[in-house]
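Subject: Structure handover

Hi,

Here is the structure I promised to pass on. Please open it first, then read my notes below.

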Amino acid sequence: MRLSDLMKATNNFSKDYIIGSGRTGSMYRATLEDGTSLMVKRLQDTQHSEKEVVSKMFTLGNVKHRNLVPLLGFCMTKKERLLVYKYMPNGTLHDRLHVNDGDKITKWPLRLKIGIGVSKGFAWLHHNCNPHIIHRNISSKCILLDMDFEPKISDVRLVRLKNPVDTHLSTFVNREFRVLGYAAPEYARTLVATPKGDVYSFGVVLLELVTGERPTYVTKAPNSFMGNLVEWITQLSSNSKLHDAIDESLAGKGYDSELFQFLKVAYNCVIPAHKERPTMFEVYQRLRAIRERYFDVI
């Protein structure tokens with residue numbers, strides 16, 4: 001895609017058009033002359049030549065799944081590295097849980113649907129994609145929602161651009177992919193990305209869905225508690241009070257059994273011993289089993 005068209009569609013990459021920012025770059029809302037809405041990811045330096053990136057993008061364009069954000073095109077120049085995605089009108093899961101009060105996702109069947117859809121996408125990346133891909137940057141901010149609230153995982157292809165040789169077991173470069181509140185405890189020792197590290201990060205997202213709490217700050221915890229969401233969950237579990245973690249707005253509406261099953265799946269994902277965590281495919285299977293009651297809804 002032409003740089004001039006994308007610059008015009010984003011008003012020269014105006015700050016007012018930014019819909020998300022992270023360590024890999026900023027995402028812009030873009031509108032073409034024909035009214036088509038897009039998202040444009042403006043990457044930070046990938047440390048690859050223009051020719052290398054263009055070659056890789058033609059390959060990465062074939063990484064497709066229902067629960068990945070569709071890549072529509074790209075633009076590479078001497079100074080710019082731009083990826084163009086399909087627009088996701090319902091924004092990020094993070095904002096729908098924690099920011100937009102009037103637009104928060106308050107219905108449990110919809111939260112369950114999102115959890116299952118995302119787990120299916122990650123299971124495909126870990127077990128079916130060739131070569132297998134570790135995301136390394138999982139958070140509720142990297143999960144986007146389309147018009148029907150079908151979840152789409154973003155930033156998948158950026159891992160291949162950043163670390164293209166070995167995507168199944170790879171080291172962090174200056175810890176660039178660590179996200180506060182989501183990084184598995186073993187990363188601090190090894191700085192190595194593994195599938196079980198992704199499972200831990202996704203477990204934090206699942207905890208956000210079932211508790212409604214942010215990963216780094218827990219509103220329901222006592223004022224004396226200074227830990228994060230995982231530490232709070234661990235403390236509740238050790239005191240046999242895990243039920244207390246469930247989002248109060250979801251409880252008592254006929255879903256309590258399913259909520260607790262979901263919570264236990266999430267908790268198993270974030271246990272400290274990485275070898276004891278389930279695989280991403282096992283997570284998907286366990287969440288899908290919970291869905292059976294809501295088949296007609298989801």
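Start at Pro70. Leaving out residues up to four places away in sequence, Pro70 touches Val84, Tyr85, Lys86 and Met88. Contact here means heavy atoms within 4.5 Å. The C-alpha atoms of Pro70 and Met88 are 9.8 Å apart, and the two are 18 residues apart along the chain.

Before going on, note that this is a predicted model: local features need pLDDT of at least 70, side-chain atom pairs count only at pLDDT 80 or more, and totals for chains, interfaces and linings use all residues. Residues are numbered from 1 along each chain as its sequence is written, and side-chain values use heavy atoms, with hydrogens and water left out.

Pro70 sits in the loop between helix 2 and strand 4. Helices (H or I, at least four residues) and strands (E, at least two) are DSSP runs, numbered from the N terminus. Pro70 counts as partly exposed, because its relative accessibility is 27%. The cut-offs are under 20% relative accessible area for buried, over 50% for exposed, and partly exposed in between (1.4 Å probe, protein chains only).

Asn67 is in the loop between helix 2 (50-60) and strand 4 (71-76). Asn67 has 1% relative accessibility, so it counts as buried. Its side chain makes a polar contact with the side chain of Glu150, at 2.9 Å. A polar contact is a pair of N or O atoms within 3.5 Å; within protein, one must be able to donate a hydrogen and the other to accept it, and residues adjacent in sequence count only if both atoms are side-chain atoms. Not counting residues up to four places away in sequence, Asn67 touches Gly117, Lys120, Gly121, Glu150, Pro151, Lys152 and Ile153.

Next, the cores. The largest nonpolar core has 62 residues, and Phe202, Leu206, Trp232, Phe262 and Leu263 have the most contacts inside it. Elements that each supply at least two residues of this core include helix 4 (108-127), helix 7 (195-211) and helix 9 (256-269). A second, separate core of 12 residues includes Leu43, Met57, Phe74 and Met88. A nonpolar core is a set of buried Ala, Val, Leu, Ile, Met, Phe, Trp, Tyr and Cys residues joined through side-chain atoms within 4.5 Å.

Now the aromatic rings. The whole structure has four aromatic pairs. Rings of Phe, Tyr and Trp (its six-membered ring) pair if their centres lie within 6.5 Å; planes under 30 degrees apart count as stacked, over 60 as edge-to-face and the rest as tilted. One of the pairs is Phe13 with Tyr28, edge-to-face, at 5.2 Å centre to centre and 65 degrees between the planes. Phe13 lies in the loop between helix 1 (3-9) and strand 1 (18-22) and Tyr28 in strand 2 (residues 25-31), so this pair ties together parts that are 15 residues apart in sequence. Phe13 is buried, at 8% relative accessible area. Tyr28 is buried too, at 5%.

Phe281 and Tyr284 make a tilted pair: 6.5 Å centre to centre, 50 degrees between the planes. Both lie in helix 10, three residues apart, about one turn of the helix.

Two charges sit over rings. The charged end of Arg42 is over the ring of Phe13, 4.2 Å from its centre. Arg29 lies over the face of Tyr17, 4.7 Å from the ring centre. The test is NZ of Lys or CZ of Arg within 6 Å of the ring centre and within 35 degrees of the ring normal.

Best wishes
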